[in-house]
Amino acid sequence: MSKLRILYVASEINPFLQTSEVANFLRSLPQAMQERGMEIRILVPRFGLINERKNRLHEVVRLSGINIAVGDEEKPLIIKVASIPNAKLQVYFIDNEDYFQRKSVFHDKQQRFYEDNDERAIFFCKGVIETVKKLGWAPDVVHCNDWMTSLIPMYLKTTYKNDPLFKDTKTVFAIYNNGFSHTFGDDLLNKVKMVDIDDTILAPLKSKDFEGFIRMGMEYADMVVKGSEVSAELTQLIEDFSKDKKLEISIEEEQQAHEDLYGVYTSLAG
């Protein structure tokens, strides 16, 4: 168990940014797993609300400089890093001037959902995988949290399935009550596609909405974890879609349950 490598991916983490329970989860669980002897990496977006000077973010030049394709466009990936105060943990930040410089997360000042949040999610998911490749670090488990990370399990089981770094990687997809009512445009599937990804693979995403992203995560992850305070409607979706791989973890048993979960799924690797 002590040699396990766990990659945590989410849209936020304390103390850099907090808009939901995800931020607290990402702050507590990785540290607990590190204290149990696991090797940890954490990746989040560098949203514009994060004060770089105050939090001492700095660019990791050796990891930056590649372009990430989103549909027909390519955008440069910038990687920054900072340490969590009073913890032996570093956080890597996925950045891009077009997607993450706004002084807000998913909504503008009028509380309108950004039309390109789909592109931001795609860029983030691909950027995470490419950053891990540049690190040359093979994760045993990729623990994806919330809808913005939901494409990672699918990419790892398709485009990156033959990459030596990911051949034994298991994925966990955690679902939270962070839904939205927006429906993305008809070009969403084309933006998500890569050379070896077709409409059949993307069938769960055809609704082009929050539930579509959640379905994608559930379809391709090895395990689905339901966060606390998930709505009845979302709970039913989880029940209907992922009966065979769903796990409910209470706050009281969170740390031990996740340690057990990682051990079980990595023992089945390959």
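**A helix and its surroundings**

In α7, the buried residues are Phe210, Gly212, Phe213, Ile214, Met216, Gly217, Met218 and Tyr220, where buried means under 20% relative accessible area, exposed means over 50%, and partly exposed lies in between (1.4 Å probe, protein chains only). The model is a predicted one, in which local features need pLDDT of at least 70 and side-chain atom pairs count only at pLDDT 80 or more, while totals for chains, interfaces and linings use all residues. Residues are numbered from 1 along each chain as its sequence is written, and side-chain values use heavy atoms, with hydrogens and water left out.

Because 8 of the 11 residues of helix α7 (residues 210-220) are buried, this helix is largely enclosed by the rest of the structure; helices (H or I, at least four residues) and strands (E, at least two) are DSSP runs numbered from the N terminus. The cover over its buried residues includes the helices α4 (117-135), α5 (152-157), α6 (188-192) and α8 (232-241), together with the strands β9 (170-175) and β10 (223-226).

Two packed helices are described by the angle between their axes and the distance between the axes. For α7 and α8, the axes come within 11 Å and cross at roughly 35°, the axes being lines fitted to C-alpha atoms, for helices over the stretch in contact, with angles that run from 0 to 180 degrees between N-to-C directions. On the α7 side the contact (heavy atoms within 4.5 Å) is made by Phe210, Glu211, Ile214, Arg215, Met218 and Glu219, and on the α8 side by Glu233, Leu234, Leu237, Ile238 and Phe241. These contact residues divide into 7 nonpolar, no polar and 4 charged, with Ala, Val, Leu, Ile, Met, Phe, Trp, Tyr, Cys and Pro counted as nonpolar, Asp, Glu, Lys and Arg as charged, and the others, Gly among them, as polar.

**Buried side chains**

Ser150 is placed in the loop between β8 (141-145) and α5, and this serine is buried, with a relative accessible area of 0%. Leaving aside residues up to four places away in sequence, Ser150 touches Cys125, Phe173, Phe213, Met216 and Gly217. Its side chain reaches the backbone oxygen of Trp147 at 2.8 Å and the backbone oxygen of Phe213 at 3.1 Å.

Cys125, one of the residues that Ser150 touches, counts as buried at 0% relative accessibility. The sulfur of Cys144 is 7.2 Å from the closest cysteine sulfur, in Cys125, which is too far for a bond, and the structure holds 0 disulfides (pairs of cysteine sulfur atoms within 2.5 Å).

Asp108 lies in the loop between α3 (97-100) and α4 and is buried, with a relative accessible area of 16%. The side chain of Asp108 reaches the backbone nitrogen of Gln110 at 2.9 Å, and a polar atom of that side chain lies 2.8 Å from the backbone nitrogen of Arg112.

**Backbone geometry in the loops**

Gln111 also lies in the loop between α3 and α4, but this residue is exposed, with a relative accessible area of 58%, and its phi is near 65°, a positive value in a residue other than glycine. Most residues other than glycine have a negative phi, and most peptide bonds are trans. Arg56, in the loop between α2 (52-55) and β3 (58-59), has a phi near 60° and is exposed, with a relative accessible area of 70%. A cis peptide bond, with omega about 5°, joins Asn14 and Pro15, and Pro15 is placed in the loop between β1 (5-9) and α1 (21-35).

Conventions
Polar contact = N/O pair within 3.5 Å; in protein donor to acceptor, adjacent residues only side chain to side chain.
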